[in-house]
Amino acid sequence: MEKCKITHLLLRHSSKLLFDRRLKPNSHNWVFRSASDYNGTFIKKGFGNTRTMQYRFFGSIATKIERNTAFSTLNSDDVSHFKEILGEKNVIQDEDVLLTANTDWMRKYKGFSKLLLQPRTTNEISQILKYCDSRHLAVVPQGGNTGLVGGSVPVFDEVIVNMGSMNNIITFDKVSGILVCEAGCILENLISFLDNHGFIMPLDLGAKGSCQIGGNVSTNAGGLRLVRYGSLHGNILGLEAVLANGNVLDMLGSLRKDNTGYDLKHLFIGSEGSLGIVTKVSILTPPKLSSVNLAFLACSDYLSCQKLLLEAKRKLGEILSAFEFLDNQSMDLVLNHLEGVRNPLPSSMHNFYVLIETTGSDESVDKEKLEAFLLRSMEGGLISDGVIAQDINQASSFWRIREGVPEALMKAGAVYKYDLSLPVEKMYDLVEEIRLRLGETAKVIGYGHLGDGNLHLNISAPHYDDMILAQIEPYVYEWTSKHCGSISAEHGLGLMKANKIFYSKSPETVQLMGSIKKLLDPNGILNPYKVLPHTLSSYH
């Protein structure tokens, strides 16, 4: 804890030094606030030169972003060259298609790309990137575009490289459970494929119907069952990636053990397409077990949720596969904004709700074990009410409540989303403190993956408001840093948190990240303005 306090003090000092340029009148990185994003140009004079600058304001991050003047602008010769590589039908300039591709899932970030490319092979991606690097054309890799931090859409006019056409399953080993597939495979399709072969994906997300495995890997997505199967750093055995200069890195191994040199695949897991475009992945998938049980429970307070988690780890141990929680504000939101959703415990509203899933190989033993655990927990006062799903339809309805919170938030209006890792005992303290800070101006809800200490803090309001934002940021990041947490548990940094990375990482660590970026992408064309702070000299 003392080390964490020291790190927090160093963070405040170091980030001030690294960001000091934005406070100076002649800086290119002035900070502004705006209720919505705004674009424009202005004439900039200095050192006898006059040039036109492009910039954007993003109210949600309170930052003015200047277009990198080293990047070229797309022209007709570029379009013709891409048509030679991909064929005319895979070079998209249709305005309606581009409008969708330029806008993120939350409709919070919007770029102005004039071109979307749909490669079908690694070789085509290699040719695209080699050309873009030589021309200094910035590129945004895009999968299902389900990200929540502005990482999968352009900021300005970057060329979009959509991976959806690379959606083939290459091999599947029914003995080892190792799946090799292309990056554009939709997660739900992989889940269905494996289910037919008696296996499961170690990853499950609410967005599984549209997110792609390449995007999952590039953001190191966590999901609902990390408590059982761990992160993608442990489940991805190998990958293939294309660097900015077009070079293809073949690291598509399928071995459980390989201790030959640096394990470079980990650089690309979670790098959000800023170091290279992931084109293929090798995934270790666990066998599908015959016994799955799901309980939907009510707790009177957050302390009971914590104690219930501890007891679940002790008593359910090897069969515990998910432990999720949501507060009564989350439940109220889902019930009011999603059609067909019903409260499994309709007698009254409770303060907190918990979903516990078990997965094992002996249905009668597993169910008996779960029921005994729930009985003891109820007798001990940890649970005030609860129900076990009796069939797959009821289980799906339970999961619909938990997975439907983000959708309900979108329907309710503007939403400020924060994806944080915190010590479990501190997680809900932040929700309550933000609630006190905002009073009646907004609804503050907390839910997430209690089993692995991941809080989804969401602030819902009728519309985006700078006064609300000022009460949230930077307080939420400072609070998280003070309590030794991470400002991004599973969503990534994207555009939203690129300049916030110092709240979780030391200046020396961030500088090294910038050096790696410079080494692998010297011209900075891959997903610019994302992941790393804009002040890093090695980033430009």
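**View 1. Helix 13 and helix 14 pack at an angle of about 50° in this predicted model.** Let's start where helix 13 (residues 392-403) meets helix 14 (residues 405-412), with axes 5 Å apart. The two helices are therefore oblique to each other. On the helix 13 side, the contact is made by Arg400, Ile401, Arg402 and Glu403, while helix 14 brings in Val405, Pro406 and Glu407.

**View 2. Phenylalanine 82 and tyrosine 131 form an edge-to-face pair.** Searching the whole structure turns up 15 aromatic pairs, and here is one of them. The ring centres of phenylalanine 82 and tyrosine 131 are 5.4 Å apart and the planes stand at 80°, so the pair is edge-to-face. Phenylalanine 82 belongs to helix 2 (residues 76-86) and tyrosine 131 to helix 4 (residues 122-135), so look for distant parts of the chain being linked, 49 residues apart. Phenylalanine 82 is buried, at a relative accessible area of 0%; tyrosine 131 is buried too, at 16%.

**View 3. Phenylalanine 296 and phenylalanine 398 make a tilted aromatic pair.** Their rings are 5.6 Å centre to centre, with 50° between the planes. Because phenylalanine 296 sits in strand 13 (residues 291-299) and phenylalanine 398 in helix 13, the pair ties together parts 102 residues apart in sequence. Phenylalanine 296 counts as buried at 0% relative accessibility, as does phenylalanine 398 at 2%.

**View 4. Tyr302, Phe325, Phe352 and Tyr428 come together in one aromatic cluster.** Follow the four side chains by name to pick the cluster out.

**View 5. Arginine 437 places its charged end over the ring of tyrosine 475.** That charged end lies 4.0 Å from the centre of the tyrosine 475 ring.

How values were computed:
Residues numbered from 1 in each chain as written. Predicted model: local features only at pLDDT ≥ 70, side-chain atom pairs only at ≥ 80, totals over all residues. Heavy atoms only, no water. Axes fitted to C-alpha atoms, helices over the stretch in contact; angles between N-to-C directions. Helix = DSSP H or I, 4+ residues; strand = E, 2+ residues; numbered from the N terminus. Parallel < 35°, antiparallel > 145°, perpendicular 65-115°, else oblique. Contact = heavy atoms within 4.5 Å. Phe/Tyr/Trp six-rings, centres within 6.5 Å; stacked < 30°, edge-to-face > 60°. Buried < 20%, exposed > 50% of the residue type's maximum accessible area, 1.4 Å probe, protein only. Lys NZ or Arg CZ within 6 Å of the ring centre and 35° of its normal.
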